[in-house]
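Please examine the model below with attention to its aromatic rings and to the packing of its helices. The paragraphs that follow lead through these topics in turn.

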Amino acid sequence: MGTDYSAGLYLRLSRDDDKLGESASISTQRRMLAAYAKEHGYLVYAEYVDDGYSGTSFDRPGFQRMIRDIESKKINMVITKDLSRLGRDYITAGQYTELYFPSKGVRYIAVNDGYDSDSPYNDLAPFQHVINEMYARDASKKIRSALQSKIAAGCFIGNFAPYGYQKDPENKNHLLVDPSTAQVVQYIFQQAGLGFRSADIARELNRRGVPCPALHRCQTHPGLDAANYSRRLEWTPSTIGKMLRNICYLGHMAQGKTSKLSFKAHATIEKPREDWVVVEHTHEPLVSREAFDLAGQRMASRTKRPAGGFHNIFSGIAKCADCGHNMSITSAHGVYRLACGAYKLRGTSGCTNHFIDYETLCRLVLEQLRKQLQLTDEQRHALLNRAMELPGRADGGRTDKRAATLKRRTAELDRVIEQLYEDNLSGKIGDERFQRLLARYEAEQKDAEAELQQIQERAEAGSPADQRDCSTLLAQWENPEALTPDLLYRLVDRVEISQGRYETGPDGRRVKRQQIKIIYRFSSAN
C-alpha cells in the first residue's frame, strides 16, 4: 500500500534587500514545483518561501516554519527545485537530507538534480552539497571584492541611510539630506556645543515626541516591525553620543568597521579605528567642522554633576595657565573652588597648588563679557536695520532655511510620486502597496505646501514684532543678567588661570593678585 503524501513546496532565492515583492525566479520555482506535484499526484499542503535569504544560513523564516510543520506531522514530503535551494552549507544540508528528514519519515525531492530520498541512486548527493557550498564561497568572495571596491570609492553600501540622510533615488550608493530629520541632527550638535549632556538632549527629544533613529526607520520602511527591535525605541545618551562621534555628518564616509570570520558565520568582529576606510567629501555635510569639534570637546571634557546638583559650567574651559591641565572642582563646607587638576592628581610633581573661588570666577568672566558685548548707539541701530533687511529677519534666517527645505521636499515628492506610478504600471509595486505609499506621500506633500504657504504669507505681510524681537534679543546679549552655559560656550574658548601671588595692600592687609586670561572664540583678550 502506497504512502499518502502531504507535500511542502520550499522556495528560496538570494537577492538584494531593496527589491520589492517576490522576484521572477521565485515565481518560476513556484510554477515548476506545483506542476511537478500535480503530475505525480502529490497533495500540496503549503508553500514555504524565503525570498532574499542566503543559503549559507538555515535561520530563515520560511524554512523554520516548514520544520515546525514537519514536527507537527502536517507534512511528510519536501520538494525543492534543486539541492542548493535547501541550502549551500554542505554540512548542515547533509544533516537534513541524510539524518533529519529520514528520522521524521519525510521524503525529500530535488527536482532538477534528480534527487529522491526514496531512490537508492543518491550517491552523488553529498558531492552536490559540497559543490553548492563551493559556489556560495566563490560568490561570497566576488561580492566581498565588489563591496570593497565600492567602499574604497566612498559609495554607501549600508541597507539603511544614517539618521539625517536618505538614499538617493537615482543612486542607492549616494546619500542625500533628509529634510525631516536633518534639523534634529543639527539641533543635537548645537545643544552639545552649548554644553548640554547627552542625557539632557535625549530627555528633551523624548519630551518633544521626536522619533528616535530606530523608530524613524520603522516608520519610513513599512516592511520593518518596531516590535522586533531589541533596542529601546526612544532616545538614549548612547544614541546621542554615537551621533556626535559620527563623521558622516561632516560629509565623510567611514565604512569597513567590522569583518566576518567566515562567509558562513553571521557574527562580526569590530575593527580598530585605524583600519576603517574613510573617504572624505562624499555627500553634503549636516554640521560644520567647528560645530563637530566643539561638540566633541564639550562631550570629552564634561564631568558628572555631584549629587547635590552643582554644575561646573567651566568644565573643559577653565585651564591652568602654568601646566595646561583642566581646572578641577573642589568643595569644602559648601564653597566651591577650581584647583589645578594636575596638582590634585600628582601633587607638587604635577604642578603647584593654586585655585580660584568658583563664584569669583563667574563674576569676573561675566563682567568681562558685558564689556565685550557693549554696543554704541550707531552699532545698535545698524544691526537692527540689517536684521530687518535680512529675508529671515529676527529668527536668524531659520524661516528662509525652512522654506527652502520645504520647496526641495515638495519637488522631491513630485519625483517620488511619479516614480510610484511608473512602478505600479510596470508591476514592480502591487496596487495595495501603491495606494498606501501614495496616500502617505501625498499627505506629506500637502502638509509641506500648507506650511510653505503660511511662511510666504507671513513674509509678505511683515510684522512690527520683528523689530521688537531684535531689540529684545540685543538687550539680552548686551547686558546678560547671569553667566549661563549658553553665553559662555558661544563666546569663550577657554579661561586660563595663573598661580597668583600675595601682596601687601595700602592698608597693610595681604591681597592675592591672580591673572585671569579669557580667550574668546573669535579673538583674544585679557
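In this predicted model, F58 has a relative accessible area of 10% and is therefore buried, since buried means under 20%. Y96, at 17% relative accessibility, also counts as buried.

A pair of aromatic rings is described by the distance of the centres and the angle of the planes. By the rule applied here, the count comes to 16 aromatic pairs. F58 and Y96 form one that is stacked, with 5.4 Å from centre to centre and 25° between the planes. This pair links distant parts of the chain, 38 residues apart: F58 lies in the loop between β2 and α2, and Y96 in helix α4. Both residues belong to a cluster linked by ring pairs, which also includes Y10, F63 and Y100.

A further pair joins F314 and Y358. The ring centres of F314 and Y358 are 5.7 Å apart and the planes stand at 80°, so the pair is edge-to-face. Because F314 lies in the loop between α10 and β12 and Y358 in helix α12, the pair ties together parts that are 44 residues apart in sequence. F314 is buried at 0% relative accessibility, and Y358 is buried at 5%.

The charged end of R337 sits over the ring of F355, 3.8 Å from its centre, while R440 lies over the face of Y441, at 5.0 Å from the ring centre.

Finally, consider two helices. Helices α6 and α9 pack at an angle of about 90°, with their axes 10 Å apart; they are therefore roughly perpendicular to each other. V185, I188, F189 and A192 of α6 make the contact with I240, M243 and L244 of α9. The residues of this contact divide into seven nonpolar, no polar and no charged.

Definitions and conventions:
Residues are numbered from 1 along each chain as its sequence is written. This is a predicted model: local features need pLDDT of at least 70, side-chain atom pairs count only at pLDDT 80 or more; totals for chains, interfaces and linings use all residues. Side-chain values use heavy atoms; hydrogens and water are left out. Axes are lines fitted to C-alpha atoms, for helices over the stretch in contact, and angles run from 0 to 180 degrees between N-to-C directions. Helices (H or I, at least four residues) and strands (E, at least two) are DSSP runs, numbered from the N terminus. Angles under 35 degrees count as roughly parallel, over 145 as roughly antiparallel, 65 to 115 as roughly perpendicular and the rest as oblique. Contact means heavy atoms within 4.5 Å. Ala, Val, Leu, Ile, Met, Phe, Trp, Tyr, Cys and Pro count as nonpolar, Asp, Glu, Lys and Arg as charged, and the others, Gly among them, as polar. Rings of Phe, Tyr and Trp (its six-membered ring) pair if their centres lie within 6.5 Å; planes under 30 degrees apart count as stacked, over 60 as edge-to-face and the rest as tilted. Buried means under 20% relative accessible area, exposed over 50%, partly exposed in between (1.4 Å probe, protein chains only). A charge sits over a ring if NZ of Lys or CZ of Arg is within 6 Å of the ring centre and within 35 degrees of the ring normal.
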